[in-house]
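The sequence and structure are shown first.

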Amino acid sequence: MNPYVIMTDTTADLPESYIREHQLAILSLSYTIEGKTYDRENPLDVGEFYAKMRGGSMPTTSQVNPEQAKEAFTACLEQGQDVLYIAFSSGLSGTCGSGMIAADEIRESGLYPDRRIVVIDSLSASLGEGLLVHKAVLLKEVGKSLDEVADWVEKNKLHLCHNFTVDDLFHLHRGGRVSKATAILGTMINIKPVLHVDDEGHLIAIGKVRGRKKSLSALVDRMADQIKGYEDQNDVVFISHGDCVEDAEYVKKLVQERFGIEKFIINHVGPTIGAHSGPGTVALFFMGNPR
């Protein structure tokens, strides 16, 4: 079995300690705020990023281009490793497409005839993408081959459930998810949307409740419906947040009380996704059906 590396994106929002421990390769999407551009190699403190957003700064984001993907792939190939790239949802970014173009160009070059690159569209985002990567890492670390891991990811990625809510509807309005009128009215009467990522990897609003605590509870209510039959695949649950760790901990407590799950990874929604979801986002990720 050829050695291989698992690669993903900064949009997977995995903690740096996890990335180092499991020796993941990372493709970095960039973002610009207040005229300055940042990426994984030149980051802005995530708390400062959200403070700037709360102060009215509007960030923009950029996808990975094929040349960047080719450079990252080549670095692995030259070390004698194949690549399994689990990419940010094609429904939210062109980054996955750039990875596919780069992989094709490398194959056509004939420079690495004994090496392989497998690109998988995760159809996932934030720690949903991260949880899918985590499942792949566990399989790799018990000796599964690249093909075995890739096959599992492809067969199970649509069972990676994403439920999330936001605190400020205007960020969703900027991204075209809700109308301006909905954002204004919803803000006035304290409406909080509940959203998920669908089978095409798009962010979709699926409900709304009045009040922050009810919106957080709604995430766990949906989990109760979706987790049935998948309990044994949820030894760990991932939660990401837009600089509101207390709310993430509240969701964790609800999950613990309701399902008896004790292992969690909690981390910030990174700037690339946070630029569109805004401060106050809370997202809950687990295995279930339907997505």
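## Salt bridge between glutamate 16 and arginine 40

Glutamate 16 and arginine 40 form a salt bridge through their side chains, with 2.9 Å from N to O. Glutamate 16 belongs to helix H1 (residues 16–21) and arginine 40 to the loop between strand E4 (36–38) and helix H2 (46–54), so this pair ties together parts that are 24 residues apart in sequence. Here a salt bridge is a side-chain nitrogen of Lys or Arg within 4 Å of a carboxyl oxygen of Asp or Glu. Helices (H or I, at least four residues) and strands (E, at least two) are DSSP runs, numbered from the N terminus.

Glutamate 16 is partly exposed, at 37% relative accessibility, and arginine 40 is also partly exposed, at 31%. The classes are buried for under 20% relative accessible area, exposed for over 50%, and partly exposed in between (1.4 Å probe, protein chains only).

## Basis of the model

The model is predicted, and local features need pLDDT of at least 70, side-chain atom pairs count only at pLDDT 80 or more, and totals for chains, interfaces and linings use all residues. Residues are numbered from 1 along each chain as its sequence is written, and side-chain values use heavy atoms, with hydrogens and water left out.

## Salt bridges within helices

The count of salt bridges comes to 16. One of them joins the side chains of aspartate 104 and arginine 107, at 2.7 Å from N to O. Both residues lie in helix H4 (residues 95–109), 3 residues apart, which is about one turn of the helix. Aspartate 104 is partly exposed at 39% relative accessibility, as is arginine 107 at 47%.

Elsewhere, salt bridges with shared partners join Glu34, Glu48 and Lys52 into one network. Within it, the side chains of glutamate 48 and lysine 52 meet at 3.9 Å, N to O. These two residues are 4 residues apart in helix H2, and about one helical turn separates them. Glutamate 48 is partly exposed, with 39% relative accessibility, whereas lysine 52 counts as buried at 18%.

Strand E3 (residues 30–33) pairs with strand E5 (residues 60–62) in the antiparallel sense over 3 bridges; strands are said to pair if DSSP finds at least two bridges between them. In this pairing, tyrosine 31 stands opposite threonine 61 of E5.

E3 is also joined to E4 by 3 bridges, and these two strands run antiparallel. The bridge partner of threonine 32 is threonine 37 in E4. The hairpin of E3 and E4 has 2 residues between the strands, and glutamate 34 there takes a positive phi near 55 degrees. Glutamate 34 is also a member of the salt-bridge network described above.

## Strand E1 and its neighbours

Strand E1 is mostly covered, with 6 of its 6 residues buried. Tyr4, Ile6 and Thr8 point one way from E1, while Val5, Met7 and Asp9 point the other way. E1 runs parallel to E6 and is joined to it by 4 bridges, and valine 5 has valine 83 of E6 as its bridge partner. E1 is likewise parallel to strand E2 (residues 25–27), with 3 bridges, where aspartate 9 stands opposite leucine 27.

Aspartate 82 is located in strand E6 (residues 82–87) and is buried, at 3% relative accessibility. Its side chain makes a polar contact with the side chain of asparagine 2, at 3.5 Å. A polar contact is a pair of N or O atoms within 3.5 Å; within protein, one must be able to donate a hydrogen and the other to accept it, and residues adjacent in sequence count only if both atoms are side-chain atoms.

## The largest pocket

The largest pocket holds about 530 Å³ of space. On a 1 Å grid over the protein atoms alone, a pocket is an open set of points where a 1.4 Å probe fits, with protein on both sides within 12 Å along at least five of seven lines; lining residues have an atom within 4 Å of a point. Grid points are joined across faces, edges and corners, and the volume is the space filled by probe spheres set on the points.

The lining has 25 residues, of which Thr10, Leu14, Glu16, Gly270 and Pro271 lie nearest the centre of the pocket. Two or more lining residues come from each of strand E1 (4–9), H1, strand E12 (263–268) and helix H11 (271–277), and H11 gives the most, with 3 residues. The lining divides into 12 nonpolar, 7 polar and 6 charged residues. In this scheme Ala, Val, Leu, Ile, Met, Phe, Trp, Tyr, Cys and Pro count as nonpolar, Asp, Glu, Lys and Arg as charged, and the others, Gly among them, as polar.
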